[in-house]
Amino acid sequence: IIIISIGSMEENRNGILPVNPNTPMLTSKEREMKSEEKNEDQYSESDFLVEEERKETPDGSQKIILRREISPTLGRAGVYFTLFKGLIGIGILFLPRAFSRAGWAISIVSFLLCAFFTIEGMSRLMISHEALGGSYSRLSKKSLGTAGKILTEVCIFLTQVTCVIGYAGYILVSINRISEALGYAIPYYAIGIGMTLVFAPLVSIKDLTLFASFHIAADILIFIVCIYIEVYSIVTFATDGVKKSVAATQSFFTSMQIFGVATGAFEICATLIPIRKQAAPNAFTESVQRTAIISASILYFTFGLFGYLAFGYEVKGPVTLSLNQHNTEVKVIELAYVLVLIPTSILQIYPVIQICELYGAKNIQSSCRRELVRILIRIGLIAATIWIAVGIGERFDKGFAIMGGLAMAPLSYIFPGLIHLVLVAETTLDRARDIILIIFGGFCFVIVTLV
């Protein structure tokens, strides 16, 4: 990445010079490609979201027949709640277990560091966007070349897949524990088969945006679950005191995994620019971004810490498994969340499906064969995520830690620092801040991968 960035820095510096009059003439095809790229830049760098109407061509590709700008609607409060909601997902349910594996002292330090550097990464990325425009992947291409763009899109791809695996895993273990409380524990492989049979026809529906309303319900339910568990943990801690198994630190290798979990918890950079385009003028400010991160940090600290103090080292991931499964309230909340997560999982994997369909079915001429390939791609993707979740079982804290280091550390720290360093940084202080951000991202990437 460093070699790519140095070469791209030279290219960008040369790019601001006047055009050489001896530059060879472009062919008609090259001019057409340049025109399309300019067209994309015009819309991607707009201050508004762009709504597109597409029509499928005989070769299976999508042709844009109408583009119109959508006026931004989010004020400061809307931006704050959108960012906060984007930060709080199903991963929060695994924080008490992550705290137990690292110890409460190391966990607090890691979350403070990750919160600070996430704010720094957000700032670096948005300064670059305001100066140059464009999407995250386009900024990566401008600064790091085509390799940077591909790496950014791969990380975003892995982030989406990780979320879906997390949803599938929660459904899997929740059904297992609910059935166990009812007298017969359904094994994971049987639940996996059932989930595949349920998800396959749903994911084959052509327009998956029909499930958007369920995503809102999932957001509401996750907050209800968080509040319920937070109150339960505080009451349990106040009644029973600190569990004997609670410790400030654990072994080095298990402690370092918390950096991957914390990085994954704070990952928001991939959605910053789309949210910025929905924001009214002067609504998407640094103070609003910092407030959202600080609010999420407080919730993470209290949720992870009190969950660990209340349940001790034996706390399970997700923490809902540590609750009394014979309690009717617990069963109702878990079952409701499971039912909402089924369509939400399909909506979450939709961007991944679009990417795979674009590359997997675009060259197929027969409409019947193309449709068959699309259905197979969709079923294959959702089945793969389900069976990865079956294989992981209850070890999701390790999985989240690895993906936090591999995919989310580059998105939150490394790429924002490199983009700003190559394209925007002018002063020594700016360059120093960028380099420190990159080094911290490299630390999270390497240490989590090794341990």
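Predicted model: local features only at pLDDT ≥ 70, side-chain atom pairs only at ≥ 80, totals over all residues.
Now switch to a cartoon view. The chain has 16 helices and 2 strands. Colour its 451 residues by burial, and 48% of them count as buried. If you draw contacts between residues at least 6 apart in sequence, 83% of these join residues at least 24 apart.

Next, select residues 104-132, which form helix α5. How far does this helix reach from its first C-alpha to its last? The 29 residues of α5 span 42 Å, close to the 42 Å expected at 1.5 Å a residue. Then step just past the end of α5 to G133, where phi is positive, at about 75 degrees.

Which helix gives the patch its largest share? Select residues 188-203: this is helix α7, and 3 residues of the patch come from it.

Finish by zooming in on I193, which sits in helix α7. Is I193 buried or partly exposed? Its relative accessible area is 41%, so I193 counts as partly exposed, a label used for values between the 20% limit for buried and the 50% limit for exposed. While you have the helix on screen, look along its axis: an α-helix has 3.6 residues a turn, so residues three or four places apart point the same way.

Technical notes:
Residues numbered from 1 in each chain as written. Heavy atoms only, no water. Helix = DSSP H or I, 4+ residues; strand = E, 2+ residues; numbered from the N terminus. Expected span 1.5 Å × (residues − 1). Buried < 20%, exposed > 50% of the residue type's maximum accessible area, 1.4 Å probe, protein only. Contact = heavy atoms within 4.5 Å.
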